[in-house]
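Please read it alongside the structure.

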Amino acid sequence: MSDFTTTIGLEVHCQLLTQAKMFCRCSTDYIGKEPNTLVCPVCLGLPGSLPVLNQKVVELALRAALALHCQILPQTLFHRKNYFYPDLPKGYQISQYNLPIGIDGFLEFYSQGVRKKARIRRIHIEEDAGKLVHEGAFLPPGTSGVDCNRCGIPLVEIVTEPDLSSPEEARDCLMMLRNIVCYLEVSDGNMEEGSLRCDANISLSSSSLTGVKVEVKNMNSFRSVYRALSYEVERQRKLLEEGKPVFQETRHWDEIKGVTVSARGKEEAEDYRYFPDPDLLPFSLKTEMIEEIKSGLLELPLEKEERFMTQYELSQGEAEILVQDREIADFFEDTLRNFNKPRMVCNWIVTEVFRNLKELGTTISRAKITPSHLAELLKMVDRKEISGTMAKSVLEEMFTSGARAREIVTRRGMALINDEKELENIVKEVIEKNPQSVADYLSGKEKALQFLIGQVMKETRGQADPELTRNILIKVLSSEE
Amino acid sequence: MKEVVYLSELEKIARLSKLGFSAEELQSFLRDINDIVAHFEKLNQLDLQDVSPTSHLGGGEPPFFSDEPQAWEGSEEVLKGAPWVAGGYFIVPRIVDKEEKENEDRRI
């Protein structure tokens, strides 16, 4: 088998978190709205209307560009990208061409535990297109419907250099990029709803073969980015090994069939006839504005991850899980303020807190539990007032009712049984009821001990001190020998 | 003045733009358009090799608006001007093949 090098570059579109559209004052809150209700002459491209730039768009794009270490060009300009397609009624998209807002940046991330770097070629601002529907009872046969609510919603397009060498790296790079735009509140980064979209260019080359670039589109989750690119690596590898050519083309990822499909009819490079938009002035970003945004940048995910590793002695994997969501990272640190055992807090968050959030289908900011409430619960576990098992059940109630741990424990009459005498009596009862397990243990089956501990827990409704139970069991059993 | 745009062309453009004009309006537009074309002919005599298309624009601040949404009152009227509407959508001839439909929500 030949050795091929995989080369991947990403093009990521993010909808910016503005209230109004990019060049008009229509609302951007389009999800679930009646079609063509958030429109005006500007975003519909009606004759005589003129675009006026939303200042917030520039601020958010600048924030992203600075966080990605981009060079900010002294002057920036909007171009018209002409194409004829019903999702954009003007007949052109206002975009940026040779003077984007930022160039030559980079992004660092971890992939399989190793720190990687992808260079950013450019980041530019452009407007989104409308939505086409091809199915629905209301549609006459052989037609498509156009909804312009999404027309003119601001986007940034971030283009990386082809610095990624595997589908895993591409996915991890995209995850970090998403974390950054979410941290900065530049975008909500929701891939399912399409507010973050990713296309990839991928080629395979070897010492004797130059790579041919294939563009893969329509990947709607991190998982599908990974799956689509893995599929494409195998597809191209097979072709090359059989001595067949790889065509330069655009391919769509089919999530259900798990394959990429050639997008017919788009083989030719399109001529977008870019030219400066005469309705919009070129403009310079003021140094004060750049400095202000720069100084306002918060700690970014990777910085936070590395700080968590050194400050709290967490592993890279643990730190990475915590920083993926800024609210979780803040929750973690806020909990530590009242209960300073980072490893224990981390473990509880990534297992029990995550499980409860998932079951309730909510996020940490909407959940009824607060960092100080979690700290109170963990303190009780730490002081051995309650067992871990009890705490899990208490936490569940804290999530559903919003009650405090102390209150729940008192109401339920929960307390760890750590009275040796009392436990010994229960242990003896259990031993009497389970002669087979006792025999198993005595003949060397360690597992039988776990079973007996479980039985004691059952008898005490989980309130027995697990460590003490274990010690007493071993002591009593050894006297049986 | 030499006529370079003919009435038939103007009528065709109006038809393609789905705009209706009276005979007087068409005559007036015809005059204006020919004046404009003649003006550009004159400009074409200049050597603009080294002049950038945006050279006449100053580098000052463009007008901005602040990020406050404001609904446009005419949005209900919009669909009334369209030749074909259903379910609140503008209707156009089917754009993609059935098998491609999942993938072609947008071009950007």
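Strand 4 of chain A is covered on both faces: A:H79 and A:K81 on one side, and A:R80 and A:N82 on the other, are all buried. Buried means under 20% relative accessible area, exposed means over 50%, and partly exposed lies in between (1.4 Å probe, protein chains only). Helices (H or I, at least four residues) and strands (E, at least two) are DSSP runs, numbered from the N terminus.

The model is predicted: local features need pLDDT of at least 70, side-chain atom pairs count only at pLDDT 80 or more, and totals for chains, interfaces and linings use all residues. Residues are numbered from 1 along each chain as its sequence is written, chains are lettered from A and ligands numbered from 1 in the order in which they are written, and side-chain values use heavy atoms, with hydrogens and water left out.

- In chain A, three strands make an open sheet in the order 5-4-15, with antiparallel pairing. Strand 5 (92-95) and strand 15 of chain A are the edges; each has a single partner strand, so one side of each lacks a neighbour in the sheet.
- Two strands count as paired if DSSP finds at least two bridges between them. In general, strands of a sheet pair through backbone hydrogen bonds, either parallel or antiparallel.
- Four bridges link strand 4 (residues 79-82) of chain A to strand 5 of chain A, in the antiparallel sense. A:R80 has A:I94 as its bridge partner in strand 5. A:N82 has A:Y92 as its bridge partner there.
- Towards strand 15 of chain A, strand 4 of chain A has two bridges, again antiparallel. Here the bridge partner of A:R80 is A:F275.

**The interface of chain A and chain B**

- Contact means heavy atoms within 4.5 Å. By that rule, 68 residues of chain A touch 44 residues of chain B.
- About 4,900 Å² is buried between chain A and chain B, and carbon and sulfur atoms give 58% of it. Buried area is the accessible area (1.4 Å probe) that two parts lose on being put together, summed over both.
- How many salt bridges does the rule find across the interface of chain A and chain B? It finds one. The side chains of A:R25 and B:E68 form it (3.7 Å, N to O). A salt bridge is a side-chain nitrogen of Lys or Arg within 4 Å of a carboxyl oxygen of Asp or Glu.
- Between chain A and chain B, 13 residue pairs are in polar contact (both at pLDDT 80 or more). A polar contact is a pair of N or O atoms within 3.5 Å; within protein, one must be able to donate a hydrogen and the other to accept it, and residues adjacent in sequence count only if both atoms are side-chain atoms.
- Elements of chain A that each supply at least two residues to the side touching chain B include helix 1 (55-67), strand 7 (114-127) and strand 12 (214-219). The largest share, five residues, comes from strand 9 of chain A.
- By class, this side of chain A has 31 nonpolar, 20 polar and 17 charged residues. Ala, Val, Leu, Ile, Met, Phe, Trp, Tyr, Cys and Pro count as nonpolar, Asp, Glu, Lys and Arg as charged, and the others, Gly among them, as polar.
- Strand pairing also crosses between the chains: strand 2 of chain A and strand 1 (residues 64-65) of chain B run parallel, joined by two bridges. A:N54 has B:F65 as its bridge partner.

**Positive phi in loops**

- A:H69 is not a glycine, yet has a positive phi of about 60 degrees. A:H69 lies in the loop between helix 1 and strand 3 (71-72) of chain A. A:H69 is partly exposed, at 41% relative accessible area.
- A:R273, also not a glycine, has a positive phi of about 45 degrees. The loop between strand 14 (259-262) and strand 15 (275-276) of chain A holds A:R273. A:R273 is exposed, at 53% relative accessible area.

**Two further residues of chain A**

- A:Q112 sits in the loop between strand 6 (102-111) and strand 7 of chain A. A:Q112 is exposed, at 64% relative accessibility. Beyond its neighbours within four places in sequence, A:Q112 contacts A:E168 and A:D172.
- A:T250 belongs to strand 13 of chain A. A:T250 is buried, at 10% relative accessible area. Not counting residues up to four places away in sequence, A:T250 touches A:E215, A:K217, A:V261, A:S262 and A:A263.
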